[in-house]
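Subject: Structure handover

Hello,

Here is the structure I promised. Please open it and keep it beside you while you read on.

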Amino acid sequence: MKKIAELCMNYNLGNLIDEPKFVTGGLMHKMYQVSTDQGEYAIKLLNHDIMKRPEALTNMIHSELLSNALSNVIPLVAAKTFHGRNIIEMDDSFFVVFDWLDGKSIFAPDISEYHCEQIGRVLGRIHATQVKIDAMVESHDIREEYKWNLFMEKAKTCNSEVISVLQENIADIMRWDRDVVTGLHEASQNQVISHRDLDPKNVMWKNDAPYIIDWEAAGYVNPFQELIEVLNYWISDETGKYDKAKFDALMQAYTENNNIYNVNWDVILSCSFDGMLGWLEYNLKRALGMEGTGINDQEEGIQQTQGTIYELKKYENQIEQLKVWLDEFVREKYTL
């Protein structure tokens, strides 16, 4: 890429010694492995549509402030700083530069109890630290329910491929969203600043140590809401079935630094649909041509919409098991 070559020259990263290699993994941004005569870098080209949102650049700046603040607390990869900034704007494009980490992400079925223990400990340390970033202001404002009926009408108008799956599941989608918004009124009273997207693709493993990457979703979150999200990412096998031993390993490590005795798990589990519903809303906009550019964005939006609805339905069936295990864990841990 010509722009990456220019970036390397302009910011003293060296001359390219090979073509930048596209690195798979991210669904919204593009990552490249870049080799120069001065070093090895991971350079992220940020999604242009995302960066057009008024809050996007601010969120990216805040996320890197957080990763730098936590760099002595947990192993992580933080963006490089240039003239006091982590986000490089060049010719209407935005880039973030990292030193290359020669590690790999681990996914089911290769996730072990050891990995879950390490992730539980990392998450527990982030939450227990209760780091404060002056530029990041805690908000108790609760979002409104998403405009699912508007998407239904738009899908009918343009005869979209997503209309059948929407019609079949719209009642459940609206119920899940209603429960989320109701639950957030209580959950938002307890918040910490955290990563908020700690799924396996955002953890690189090197010498059996986890390094946390991709901090752009960072912000305030109820810690136990994020804990449930992390459990879902890490204790499920490739079919989505929960593993009790992995659950116990992650929870034991998390509670080394955090008390979960009085958590209202019914509210937290209702709120745990929030991330998937937000992802569904974004991809419906792409599928219906309301956001994104070109046919590729639309096709990916259709695929992600269908897949996310499937995951939401599967998750509803799973959380009853999760609630039983959480109640058992609390009783066993805090019974004198």
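First, a term. Buried means under 20% relative accessible area, exposed means over 50%, and partly exposed is in between (1.4 Å probe, protein chains only). By that rule, Arg 286 is buried, at 3% relative accessible area.

Before going on, some ground rules. This is a predicted model: local features need pLDDT of at least 70, side-chain atom pairs count only at pLDDT 80 or more, and totals for chains, interfaces and linings use all residues. Residues are numbered from 1 along each chain as its sequence is written, and side-chain values use heavy atoms, with hydrogens and water left out.

Back to Arg 286. Helices (H or I, at least four residues) and strands (E, at least two) are DSSP runs, numbered from the N terminus. The side chain of Arg 286 makes a polar contact with the side chain of Asp 297, at 2.9 Å. A polar contact is a pair of N or O atoms within 3.5 Å; within protein, one must be able to donate a hydrogen and the other to accept it, and residues adjacent in sequence count only if both atoms are side-chain atoms.

Next, salt bridges. Side chains of opposite charge can pair when their charged atoms come close. The cut-off is a side-chain nitrogen of Lys or Arg within 4 Å of a carboxyl oxygen of Asp or Glu. How many salt bridges are found in the whole structure? The search gives 21.

One of them joins Lys 80 and Asp 99 (3.4 Å, N to O). Lys 80 lies in the loop between α3 (56-69) and β4, and Asp 99 in strand β5, so the pair ties together parts 19 residues apart in sequence. Both Lys 80, at 24%, and Asp 99, at 42%, are partly exposed.

Another pairs Arg 121 with Glu 256 (2.8 Å, N to O). Arg 121 is in helix α4 and Glu 256 in the loop between α8 (244-254) and α9 (265-271), 135 residues apart. Arg 121 is buried, at 15%. Glu 256 is partly exposed, at 45%.

Last, the backbone. Most residues other than glycine have a negative phi, and most peptide bonds are trans. Asp 91 has a positive phi of about 55°, though it is not a glycine. Asp 91 is also exposed, at 54%. A cis peptide bond joins Ala 108 and Pro 109, with omega about 10°.

Best wishes
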